[in-house]
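Let's take a walk through this structure together.

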Amino acid sequence: MATGIALITGANKGIGLEIARQLGTQGITVLIGARDEKRGSVAAEKLQAENIDAHAVQLDVTNQQSIDAAAKHIESKFGKLDILVNNAGIAIDNAPPSQLDMEILRRTYDTNFFGVFAVTKAMLPLLHQSQAGRIVNISSGLGSLTQNSDPNYEYAQIKYLAYNSSKTALNAMTVQFGHELKDTPIKVNSADPGYVATDINNNNGTRTVQQGASTPVRLATLPADGPTGSYFDDNGVVPW
Ligand SMILES: NC(=O)c1ccc[n+]([C@@H]2O[C@H](COP(=O)([O-])OP(=O)(O)OC[C@H]3O[C@@H](n4cnc5c(N)ncnc54)[C@H](OP(=O)(O)O)[C@@H]3O)[C@@H](O)[C@H]2O)c1
């Protein structure tokens, strides 16, 4: 049975909830980050009913006060964090690049990039208290510039400037934090969950949340000799 404390952002539903479930089933205490307190506690109760040690933590990744309060709460209750899964994300593009509203671009980056940075920065002191800190950034295959620029890529038609590029920027964060932390026990990786049926795509995805959570959970529980600063899906390494 694994032990430890994991914080999953945006864990009240979708892939985040399933990541929490799979980590919790392994014996890890899971903190259900949710911007809405009620949705967070309903999700935590659902997992508790499955014998998982789940606790709701109010966490809006775009609100520094909320992030600081969450870090303070985790510090006083647990004194450390073993796993941070930066899962909260939005996809709100509604036009091709030339027609895209600046506001959509900014809002997307606020959550998918600045939000991840702010949460990671606030939680790092707690991750340093762990013997085996793990950070998993939930990216997307749409964040891969190699795939985006390949006309034969399965999703080559999906050119969401805000969403895709926010995940490219997130991947850059993985590389940079991975480098900074390479001589510590903390590992930082990006995960592409694949095209998963959730609210983000009106449940049009072809994979289940169980399938989507598998690579994130593997990266969250990597052994000491596992990789860092890299990008994976279920088939292995994804090109940047
Ligand atoms: N589904 C896919 O095919 C797919 C593919 C590649 C990558 N991903 C990535 O996987 C992650 C999870 O997405 P999903 O598919 O599970 O979508 P989802 O069901 O829409 O879940 C998104 C989660 O993020 C939360 N969230 C959004 N903004 C937030 C904020 N400011 N603060 C805190 N939480 C916030 C949502 O909370 P509320 O319930 O309050 O809105 C929700 O819990 C995202 O990063 C997404 O980009 C998904």
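What follows starts at the ligand, moves to a helix, and then stops at a few single residues.

First, some ground rules: this is a predicted model, in which local features need pLDDT of at least 70 and side-chain atom pairs count only at pLDDT 80 or more, while totals for chains, interfaces and linings use all residues. Residues are numbered from 1 along each chain as its sequence is written, and side-chain values use heavy atoms, with hydrogens and water left out.

Let's begin with the ligand. There are 29 residues around it, and R35, N87, Y163, V196 and T198 come nearest (a residue is near a molecule or strand if one of its heavy atoms lies within 4 Å of it). Sorted by class, this shell holds 11 nonpolar, 12 polar and 6 charged residues. Here Ala, Val, Leu, Ile, Met, Phe, Trp, Tyr, Cys and Pro count as nonpolar, Asp, Glu, Lys and Arg as charged, and the others, Gly among them, as polar.

Now zoom in on the ligand's oxygen atoms. R35 has a polar side-chain atom 2.7 Å from a ligand oxygen. From the backbone, a polar atom of V196 is 2.8 Å from an oxygen atom of the ligand, and an N or O atom of G194 lies 3.4 Å from a ligand oxygen. How much of the ligand does the protein bury? Taken alone, the ligand exposes 890 Å², and 94% of that is buried by the protein (areas come from the Shrake-Rupley method with a 1.4 Å probe; for residues, only the protein chains shown count as cover). The elements giving two or more residues to the ligand's shell are α1 (14–25) and α6 (161–180). Helices (H or I, at least four residues) and strands (E, at least two) are DSSP runs, numbered from the N terminus.

Now for some single residues. Y109 sits in helix α4 (residues 102–127) and counts as buried because its relative accessibility is 19%. Its C-alpha atom is 9.4 Å from that of L170, 61 residues apart along the chain.

D82, in the loop between α3 (64–78) and β4, is buried too, with a relative accessible area of 9%. Which side chain does the side chain of D82 make a polar contact with? That partner is S130, at 2.6 Å. A polar contact is a pair of N or O atoms within 3.5 Å; within protein, one must be able to donate a hydrogen and the other to accept it, and residues adjacent in sequence count only if both atoms are side-chain atoms.

Finally, look at two asparagines in loops. Most residues other than glycine have a negative phi. N51, however, has a positive phi near 65°; this residue is in the loop between α2 (37–48) and β3 (54–58) and is exposed at 75% relative accessibility. N202 has a positive phi near 50°, lies in the loop between β6 and α7, and is exposed with a relative accessible area of 65%.

Technical notes: Buried means under 20% relative accessible area, exposed over 50%, partly exposed in between (1.4 Å probe, protein chains only).
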